[in-house]
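Student: Let us take a close look at a single part of this model.

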Amino acid sequence: MKEKFIVKKKGISIVVNPEFIPETTEVEKIIEYFDVNEYKVNAKVLDVHYGRGKTYLVQDPYNRRVIIRHYWRGGLIGKVLGDKFLSFFGSSHRAFREYDLLQTMKKMGLPVPKPIAAKEERSLFFIRNDIVMMEIPGTKNLGEILSARRLTDEEIAKIGDAVGKLFKAGIYHSDLNINNILFDGADNVWIVDFDKCVQRTIGKKQYHEMVNRLKRSFDKFKEERNNFYWSEYDFSKLLPAIKSSYEKNY
Ligand SMILES: Nc1ncnc2c1ncn2[C@@H]1O[C@H](COP(=O)(O)OP(=O)(O)O)[C@@H](O)[C@H]1O
Ligand SMILES: [Mg+2]
């Protein structure tokens, strides 16, 4: 099966995964597929996660549970430009890039969500981006879990295994933090949120950047919350688990 097809209409381009939406679908329907207001009006919003923006879990017209995320800019630029990315930068094609990377990672057997569709809406100078992907059912992110209980040694080893595999596959995760690492009901680890992530050589520098960012996210949560069940000792178990998975020959 084809990996994607593209539909276009008046400044809107959408990349679609034919595994989930048939190529015969009307363009209007595909555009509407991204419309969070439609899901709100029809009471199809099942959950909302608040990060930089809102990430919606909705019931789609095919009765699947899917995640819709709009792309927002961070930092000072974000205060000025909000969700607008300058169209003359290749890096502004955020959703298309994340879609392709998710497809690549799925083919590599990495534990990441399946992309369904990615949309760009262009005006004269700007691009706005959205992505839809399959929900990984029954998950909680590490932030949620650690607010309720400690992780077992086996779970720490599983996180190390998944993170090490990602690094070994040459995926640079630009925001590896505890809310982007999930456990499902069968205690499998999943990794999400691949905006701005790339496939590249992971040298010592990139390896440590990612591990340090992850460490900072544990520390930040620990500082901010009264109940957060994570210790330096746990991190001292996670580090070698990441390293041994990264160095293992599969
Ligand atoms: N495919 C998915 N399946 C299940 N839960 C998801 C999925 N994608 C994201 N989530 C949940 O939504 C939260 C926010 O999504 P994320 O993609 O990390 O956006 P952001 O961090 O920009 O808000 C995640 O921390 C995770 O708990
Ligand atoms: Mg996130």
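How do the residues of the shell around ligand 1 divide into nonpolar, polar and charged?

Tutor: This is a predicted model, where local features need pLDDT of at least 70, side-chain atom pairs count only at pLDDT 80 or more, and totals for chains, interfaces and linings use all residues. Residues are numbered from 1 along each chain as written, chains are lettered from A and ligands numbered from 1 in written order, and side-chain values use heavy atoms, without hydrogens and water.

The shell divides into seven nonpolar, seven polar and four charged residues, with Gly counted as polar. In total, 18 residues surround ligand 1 (a heavy atom within 4 Å). Ile-136, Asn-141, Asn-179, Asn-180 and Asp-193 are the closest.

Domain 1 (5-134) and domain 2 (140-247) each give the shell at least three residues; the bounds come from an automatic or database assignment. Strands S5 (65-70) and S8 (126-134) each supply at least two (DSSP E runs of at least two residues).

Now the polar contacts (N or O pairs within 3.5 Å). A polar backbone atom of Asn-179 lies 2.5 Å from a ligand 1 oxygen. A backbone N or O atom of Met-134 is 3.0 Å from a ligand 1 nitrogen. The Thr-55 side chain places an N or O atom 3.4 Å from a ligand 1 oxygen.

Methods. A polar contact is a pair of N or O atoms within 3.5 Å; within protein, one must be able to donate a hydrogen and the other to accept it, and residues adjacent in sequence count only if both atoms are side-chain atoms. Helices (H or I, at least four residues) and strands (E, at least two) are DSSP runs, numbered from the N terminus.
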